[in-house]
Amino acid sequence: MTKNKFSTVKSVSKKIVEHKVFTSTIIALIIVNAIIVGLETYPNLYSAHKNWFYFMDNILLWIFTVEIALRFIAAGPKRFFTNSWNWFDFIIVAAGHIFVGAHFVTVLRILRVLRVLRAISVIPSLRKLVDALLLTIPALGNIMILMSIIFYIFAVIGTMLFKEVAPEYFGNLQLSLLTLFQVVTLESWASGVMRPIFAEVPWSWLYFVIFILVGTFIVFNLFIGVIVSNVEKANAEDEIDETKEELKELQKQVSELKDILLAMNANQTKKDSTH
């Protein structure tokens, strides 16, 4: 009887969690939480309505707690904690209960901001995108090594060529690396860095143009290519997983149908033997 009650609770929880209204409500509350945290950054507003902010934070925290509890019941302990996104949501919500007290005001405010990240775990498309980005980390490691080599070579060359002309930009290796980082982001590289050096060394434009072509257009395109490739791969894997789930559900239904037919045949056999 207890098992049947638990199955009923689990079934009801699953229906609630998988309902579109439930997901939309949680997303709306996450946005509300983000707006409230943003309003808290205005000292005059926060000090005038401190109790209201505290009350709203508690309400939102307990709503998110109920949400996690429903998802936990719907999925079951084993399935719930095998999902890394569920761990992420659980830790953020649980931390809100743990770090309660005057000594943890700053920590609590940071945790309230982190709740906004829960939009990623709630919205499937964002979750797929982040999963794809995480898949790119091993491949990006090789690109980072290549980029580090290019940066180091150009930093050493820049230091040798422009140390006397622009010591504030190329005075030593560290300054050169920082300057090249500014150049590769295309932030004021022409007016702020190249033009003053170009006025002293007319051929210096070659150095900057070559570095931008190599550093920005080639290496950054490698980054984009790897990310796009992994996004496509992640989408393909999700489609395969969905197909597997559908097949499992179909097999389960066929198995149940087979059991019903066998039971019916057994009953019919008993009736025939009786007669």
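Reader: What share of the contacts with a separation of 6 or more is between residues 24 or more positions apart?
Author: In this predicted model, residues 24 or more positions apart make up 64% of the contacts in the chain with a separation of 6 or more.

Reader: And the secondary structure, how many helices and strands?
Author: The chain has 14 helices and 0 strands. Along the sequence the pattern is α-α-α-α-α-α-α-α-α-α-α-α-α-α.

Reader: How much of the chain counts as buried?
Author: Of its 275 residues, 27% count as buried.

Reader: Let's take H2 and H4. At what angle do the axes cross?
Author: Roughly 150°, with the axes of H2 (residues 20-39) and H4 (residues 50-75) coming within 11 Å. An angle over 145 degrees counts as roughly antiparallel, so H2 is roughly antiparallel to H4.

Reader: Left-handed or right-handed, that crossing of H2 and H4?
Author: The crossing of H2 and H4 is left-handed.

Reader: Which residues make the contact?
Author: From H2, they are Phe22, Ile26, Leu29, Ile30, Asn33, Ile36 and Leu39. H4 contributes Trp52, Phe53, Met56, Leu60, Ile63, Phe64, Glu67 and Leu70.

Reader: How do they divide by class?
Author: The contact of H2 with H4 has 13 nonpolar residues, 1 polar and 1 charged.

Reader: Asn33, then. Buried or exposed?
Author: Asn33, in helix H2, has a relative accessible area of 2%. The cut-off for buried is under 20%, so Asn33 is buried.

Reader: What is Asn33 in contact with, leaving aside neighbours within four places in sequence?
Author: Asn33 is in contact with Leu60, Arg112, Arg115 and Val116, with those neighbours left aside. Leu60 is also one of the H4 residues in the contact with H2.

Reader: Switching topic: which residues in the largest nonpolar core touch the most other members?
Author: Phe170, Leu180, Ile197, Tyr207, Phe208 and Phe211, out of 24 residues in that core.

Reader: Which helices supply at least two residues of this core?
Author: Helices H10 (137-162), H12 (173-184), H13 (189-200) and H14 (204-274) each do. The largest share, 8 residues, comes from H10.

Reader: What about the second core, how many residues?
Author: The second core is separate and has 18 residues, including Val17, Ile36, Phe64 and Val122. Ile36 and Phe64 also take part in the contact between H2 and H4.

Reader: Back to H10 and H12. How do the axes cross?
Author: The axes of H10 and H12 come within 9 Å and cross at roughly 120°. The crossing is right-handed.

Reader: Which residues meet there?
Author: On the H10 side, they are Met147, Phe151, Tyr152, Phe154, Ala155, Val156 and Thr159. These meet Leu173, Ser176, Leu177, Leu180, Phe181 and Val184 in H12.

Reader: One more in H12: is Thr179 buried or exposed?
Author: Thr179, in helix H12, is buried, with a relative accessible area of 4%. Apart from neighbours within four places in sequence, Thr179 is in contact with Tyr169, Phe170 and Val193. Phe170 is among the residues that touch the most other members of the largest nonpolar core.

Key:
Residues numbered from 1 in each chain as written. Predicted model: local features only at pLDDT ≥ 70, side-chain atom pairs only at ≥ 80, totals over all residues. Heavy atoms only, no water. Axes fitted to C-alpha atoms, helices over the stretch in contact; angles between N-to-C directions. Helix = DSSP H or I, 4+ residues; strand = E, 2+ residues; numbered from the N terminus. Parallel < 35°, antiparallel > 145°, perpendicular 65-115°, else oblique. Left-handed = near helix turned anticlockwise from the far one by under 90°. Contact = heavy atoms within 4.5 Å. Nonpolar A, V, L, I, M, F, W, Y, C, P; charged D, E, K, R; others polar. Core = buried A, V, L, I, M, F, W, Y, C linked by side-chain atoms within 4.5 Å. Buried < 20%, exposed > 50% of the residue type's maximum accessible area, 1.4 Å probe, protein only.
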